[in-house]
Amino acid sequence: MIGIKNLTGGYGNKPVIQNVNFSLEKGEFFGLLGPNGSGKTTLFKLITGALPAAGGEITVDGKPLSGFSKLEKARMIAVLTQEAHVSFDFTVEEIVSLGRYAFQKGLFKSLSRQDRKVIDDVMELTGVTKYRDTQFRLISGGEKQRVLLAKALAQEPKIMLLDEPTNHLDVKHSFHMLDLLKEWQREYGLTVFAILHDLNVAALYADRVALLHEGSFLKTGGVDILRDESLLRQVYEVDVKSQPHPYVPKPQLLMTPEEKADPQKDHFSRSYRVRQNEGLIHIEFNDPLRTISNGVTGEGIQWLNHFCNFHVNKNYDGGDPVDDMTNWMANQGIPPEKAAGMMTAVKLEDMVLLEKEYEGIRLLAMVTAGVGNAVDITSEELDSEIGKIGTINIMVFLDSHFTDGALVNACLSATEAKTKALQDLNIKDPYTGTIATGTSTDSLLIGTTQKVERTPYAGSGTVAGKAIGTAVYDAVTGAVRKYEKRQRRS
Amino acid sequence: MPSSFIRTFLSKRIFWVYVLSGGFVLGAVLLSLIWSSVSIPVGHVVHILSDNVLGWSLMAEVPANEERIIWNIRLPRVLLALCVGASLALAGAAFQGLLRNPLADPYTIGVSSGAALGAVTVIFFQLTIFGLGSFTLPVMAIIGGFLALMLVFGLVKIASRSLAIETIILAGIIMSSFIGAVISLIIALGDQDAMTQIIYWLYGSVGMRGWSHVQLIVPFMLIGMFLLLIHYRELNALALGEEAAEHIGVNVQRGKIVILLGASLLTGASVAVSGMIGFVGLVIPHLVRLISGPNHRHVLPLSLLAGGGFLILADLVSRTIIAPKELPIGVITALIGAPVFALLLIRNRLGKGKTA
């Protein structure tokens, strides 16, 4: 659709843009990225023609852009910039109507029926119909930008060039605008070229992106080039962490502010408090821990302060456990958004809580265990009858610094230790009669302080893994013994 | 459909605005023909007009002196006021639209001064450009006005790069002062007679000019009008700024040149026949915008009508208020226009404070 060859240009003698080459396919969304001063706007102006190029060529459908008349260009390419100043008190409809300039014919050049229809349609689509007769000057910044978008769409362009189109917009309006562009891209094959200052927005909406650095393209490609953290660090000079979006297979970037060392790091033993009663074990840490968990709330990988293990009646029906638990936490004065929660029918006084140090790693383990629902996961038979008391809840807190991968390692280590404990205790799956590997509803949480040297490993071959393994083995053994003792008494 | 209803209503409203403006002009013409030191009955006036224009005699006998007064003195005077007022208001509307500057007007941005210098040169040195004859005066005034405009633009470009509202006005004042000094110099070099003539001419007047001056302005007015009226869409688009106008397909460079040329034609020709009449081009487009909205499709023709009517009335006041003496018409327009200008300046500042 658009081909750009050796484009060079800028202000004064030294061209800001040097030999830029790229091409846009029909119907693609191309995002131009780069830090301030990298020449994004200059490149944009060279493409729109607002700035004459010092060298190179721009072609549209193979024909040089300079060969098109201004009217032909306007019927093909629409431009939306961030400036939203309009002099005099023009109404929104009059502004949108200006988009039809290039289409008006005849001696009087008035708006045709077709022009009117297009104007009505684009106003409806951008949601500005209700401001039709309002003065442009009087509407808010977000609405202004939508009006200008409507004006650009009224040109029925094949190509849309946008300079930071969402600059003054809040999240809602930004996404609304970009969704709209995306829709036109899909429906009508609109080709979009946009300067985007927000890398995450670019990752979500662009098909391809280019990173402009000091006047030339450092890298062009799919949005996955945004996974290249060292590239982004080089261009933006900030510590960038690339993460996958949880629901969309696109990268999202997290910027890390310059870290200053915490001057008064608490000793691990003094960094938490444990509160226990019949209904709840509540472990609270002063600073948030990096956690991985399959608990009822606070699941996945998070940063959390509060860790709860609630006692429930064995007949608890579990209609909406997340909602219930959130309420319970709120009742106890625990902020649910900063807490992970598990539940168990086991008596909480049978909890095992142990703090230990293994090869310099301090850790705390909390286990409540019941084995009424013990299951051998390797057996193919499935017992559909669940509901007896019996779940093993494990929380392990370490004074370490784990990567996400190490957190997964830690889960493996804890699970292996639990299984080994059940094996040594000769706990059997009551249904199959074989040695159980766990219970049907086990929960696990690993939390790390992240305040020491970072390690990517916490498997069985590492000190951290061993620390977890020995602690979990001891705690599970102790908790199951207490459970069995109570079972025998009753 | 409600929207089409609104549209019909709007187009109906604008229709009535046109009818009203047309009526205003016609009323102003008639009033001005009738009302003077020598009162002439309406019937006689209508007779004289129809007799001379259409060849229809409505009445048997009208005194010959009445015919002379109406046809040779008052009618050309009224028509000249109409043409000058229309030209200046239209030029003002165009300058304001082009510069996106509500304070622009041929007078405030120095075009009138440039035109005056051109005209004074012709009058003082009794110049005649070969082949132009009596049209030397308006042609030189137009050239003078256009040159002054270019100089003002150059000054603004050097001073601030952006065409900031205040900078343009400031440059216009600098230009006016300088040209005023040059004109004074020329006058001082001349004799007493020429001095009085030129000074009085400079104040601005449409009296004692006769049909010859109407003939001088009409061709330029028609060309200027045509150039501006067909460019109403470009003026609308320029409200977005030059870059954005370019993006919707406007050939900004060509549009600007044509519009400036048209406005200079109108201003130059007006100054050539009537001297410096200020503020018409400032006040009228503003009043029109208040009623019709900012769309130049209506602002331009309505300014034309309102400006013509306004100047006829201003002329009527100027020759009746201290009768039998006459006040220069420029005094009347300045007395009305300068306070309005101040008001706009203040409102502009306040408005900026609010939106910024």
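**Group meeting: chains A and B**

In this model, 23 residues of chain A are in contact with 19 residues of chain B. One caution before going on: the model is predicted.

Stay with the chain A side of that contact. Which element gives the most to it? Helix 2 of chain A, residues 70–76, with 4 residues. By class, the chain A side that touches chain B holds 10 nonpolar, 8 charged and 5 polar residues.

Now chain A as a whole. It splits into domain 1, residues 2–256, and domain 2, residues 273–489. Taken over C-alpha atoms, the centres of these two domains of chain A are 51 Å apart.

Next, helix 5 of chain A, residues 141–154. Check its length. The helix has 14 residues, so at 1.5 Å a residue it should span 20 Å. Its end C-alpha atoms are 20 Å apart, which agrees.

How many of its residues are buried? In helix 5 of chain A, 12 of 14. The buried set runs from Glu143(A) through to Ala154(A). It includes Val147(A), Leu148(A) and Leu149(A), but also Lys144(A), Arg146(A) and Lys151(A).

Over to chain B, and helix 3, residues 64–99. This helix has 36 residues. From first C-alpha to last it reaches 51 Å, close to the 52 Å expected at 1.5 Å a residue. Where is the kink? At Arg74(B), about 40°, shortly before the proline Pro76(B). Helix 3 of chain B is largely enclosed by the rest of the structure, because 26 of its 36 residues are buried. Just after helix 3 of chain B, Arg100(B) takes a positive phi of about 50°.

Last element: helix 12 of chain B, residues 280–292. Same length check. With 13 residues at 1.5 Å each step, helix 12 of chain B should span 18 Å, and its end C-alpha atoms are 18 Å apart, so the two agree. This helix is mostly covered, with 10 of its 13 residues buried. Among the buried ones are Leu282(B), Val283(B), Ile284(B) and Pro285(B). His286(B), Arg289(B) and Ser292(B) are buried as well. Just past helix 12 of chain B, Gly293(B) has a positive phi of about 85°.

How values were computed. Residues are numbered from 1 along each chain as its sequence is written. Chains are lettered from A and ligands numbered from 1 in the order in which they are written. This is a predicted model: local features need pLDDT of at least 70, side-chain atom pairs count only at pLDDT 80 or more; totals for chains, interfaces and linings use all residues. Domain bounds come from an automatic or database domain assignment. Two residues are in contact if their C-beta atoms, placed from the backbone, lie within 7 Å. Helices (H or I, at least four residues) and strands (E, at least two) are DSSP runs, numbered from the N terminus. Ala, Val, Leu, Ile, Met, Phe, Trp, Tyr, Cys and Pro count as nonpolar, Asp, Glu, Lys and Arg as charged, and the others, Gly among them, as polar. The expected span of a helix is 1.5 Å times one less than its number of residues. A residue is buried if 20 or more other C-beta atoms lie within 10 Å of its own, exposed if 12 or fewer, and partly exposed in between; C-beta atoms are placed from the backbone. The bend at a residue is the angle between axes fitted to the seven residues ending there and the seven starting there.
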